[in-house]
Amino acid sequence: MKRKAKKEPEQPIEQQTPQENQPAAPAYTQNIPDDEIWTFQVEGLPAPKIGKNHHHDRWRKVLVVAVLLVAISLSMFFSVRTVHNDEYEFVQLDSGEYMLDKYANPGGVKEVTLDYVDGDRQKPVVSIREFAFNCDEQLLTIYIGKDVQEIDSKSFYSCWALQNIYVDDANPYYCDIDGVLYTKDMTEIILYPIDHDKYLREQTGYDSLLDDSGAPMEELWGTTERYDEQFLAEYNRAVRTYVLPSTVTTIGELAFGYANLTDIYVPEGLITIESMGVFRAMLENLYTYTSAEPVTDTTAAAIDTFDRLYLSLPEGLESIGSDAFSYNRQMTYVYIPESVKSIGHHAFWDTVYKEDGELRGVSAIYVAATEAAFEAVETGDQWRPKYDYMLFNKNVDTYYAAERLTELPNLS
């Protein structure tokens with residue numbers, strides 16, 4: 001029961017005369033009986049809940065939390081709208097344009113075009129998120145529309161069957177050279193599609209090769225006993241050789257990841273090789289070229305136009321990213337010029353191995369700088385390849401103040 005403060009106390013108000021130099025006492029005092037003090041209600045305030053059930057309060061809290069969650073969800077829905085079907089998932093950006101968030105191949109789709117959401121020209125696609133095409137094993141070709149202005153370096157991660165990426169000529173941000181993706185100014189290679197060599201086999205006539213059973217010979221490596229060295233040299237030159245344009249200064253992250261290439265030619269002027277730039281690419285030889293004339297031909301035919309050609313990394317290179325050349329066991333020679341300022345962790349990991357008790361692959365690293373000067377280079381953990389040595393893993397030898405090899409293998 002609620003009890004209101006009594007207007008008149010049970011005891012008369014005691015009038016007191018203030019003593020000298022003491023503050024005046026209150027005009028009156030109000031006494032509350034001891035047996036009512038825990039249930040006494042001050043007028044205008046809620047009654048105390050001493051000894052009362054709080055069950056309804058708990059449900060009020062649950063209701064408040066539920067309302068908050070709904071409000072947050074609605075806020076997210078209206079700030080980031082998602083357009084989703086079984087194949088595509090787009091996210092609307094603050095600009096009103098769209099980003100491809102995820103592509104799920106429903107089965108058997110070989111070509112995809114990224115320009116507008118559901119063909120609506122009022123909904124242009126301007127961005128492709130990382131891993132949007134993660135591990136797709138069926139897509140052969142992707143067409144990039146004119147409005148796409150941002151492609152993450154891992155957008156097409158592990159698309160094993162991808163042969164070509166074509167870009168609308170009107171796109172101001174990206175372009176392609178025969179299905180290989182570049183920035184528009186061709187200063188950075190974004191992606192050499194993993195199965196681009198299959199496309200090149202079709203273009204050069206090597207797709208008609210048959211194995212002993214009469215089936216198409218799609219994979220030549222590991223079958224060298226069936227072909228002589230001259231044939232393989234011609235095949236590698238036509239299908240497994242790639243020349244970067246002379247404008248390129250950056251090999252992007254995963255640009256040549258898992259590519260089936262034996263020989264890559266880079267311009268002197270290349271500054272950066274980003275993380276995993278040439279990761280597991282079957283690479284045997286890296287060459288550097290110089291040319292007084294611009295080079296745009298990416299086939300082996302361009303080699304005959306070079307002014308100068310030398311083995312390994314170019315003079316002027318500054319950065320080698322983490323895992324840049326990892327798992328390229330076919331490589332045999334690495335020379336690091338004095339211009340290099342940083343080498344990421346595991347940059348040349350697993351490029352050496354033992355066979356019949358002998359080291360194969362990159363059995364040594366040659367460095368132009370002296371050992372003292374090389375200490376200024378920022379290096380990540382285990383940047384050099386290691387091999388099994390007794391009960392330990394041992395770094396390959398590093399030779400400082402080394403001169404670059406000048407003798408080139410037969411390039412014919």
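1. Helix 2 packs through its buried residues against strand 9 (164-167), strand 11 (180-183) and helix 3 (229-239). Contact here means heavy atoms within 4.5 Å. Helix 2 spans residues 196-204, and its buried residues are His196, Asp197, Tyr199, Leu200 and Arg201. Buried means under 20% relative accessible area, exposed over 50%, and partly exposed in between (1.4 Å probe, protein chains only). Gly205 follows helix 2 and has a positive phi, near 90 degrees. Helices (H or I, at least four residues) and strands (E, at least two) are DSSP runs, numbered from the N terminus.

2. This is a predicted model: local features need pLDDT of at least 70, side-chain atom pairs count only at pLDDT 80 or more, and totals for chains, interfaces and linings use all residues. Residues are numbered from 1 along each chain as its sequence is written, and side-chain values use heavy atoms, leaving out hydrogens and water.

3. Two strands pair if DSSP finds at least two bridges between them.

4. Strand 4 (residues 111-114) and strand 7 (residues 141-144) share four bridges. Thr113 stands opposite Tyr143, and Glu111 has Thr141 as its bridge partner. Four bridges also join strand 7 to strand 9. There, Ile142 faces Ile165.

5. The whole structure holds eleven salt bridges. A salt bridge is a side-chain nitrogen of Lys or Arg within 4 Å of a carboxyl oxygen of Asp or Glu. One of them joins Asp101 and Arg129, with the closest N and O atoms 2.8 Å apart. Asp101 sits in strand 3 and Arg129 in the loop between strand 6 and strand 7, 28 residues apart. Asp101 counts as buried because its relative accessibility is 16%. Arg129, at 30%, is partly exposed.

6. Lys154 forms a salt bridge with Glu130 at 3.7 Å between the closest N and O atoms. Lys154 also meets Glu253, at 3.6 Å, N to O. Lys154 and Glu253 lie in separate loops, so this pair ties together parts that are 99 residues apart in sequence. Salt bridges that share partners join Glu130, Asp152, Lys154 and Glu253 into one network. Lys154 is buried, at 18% relative accessibility.
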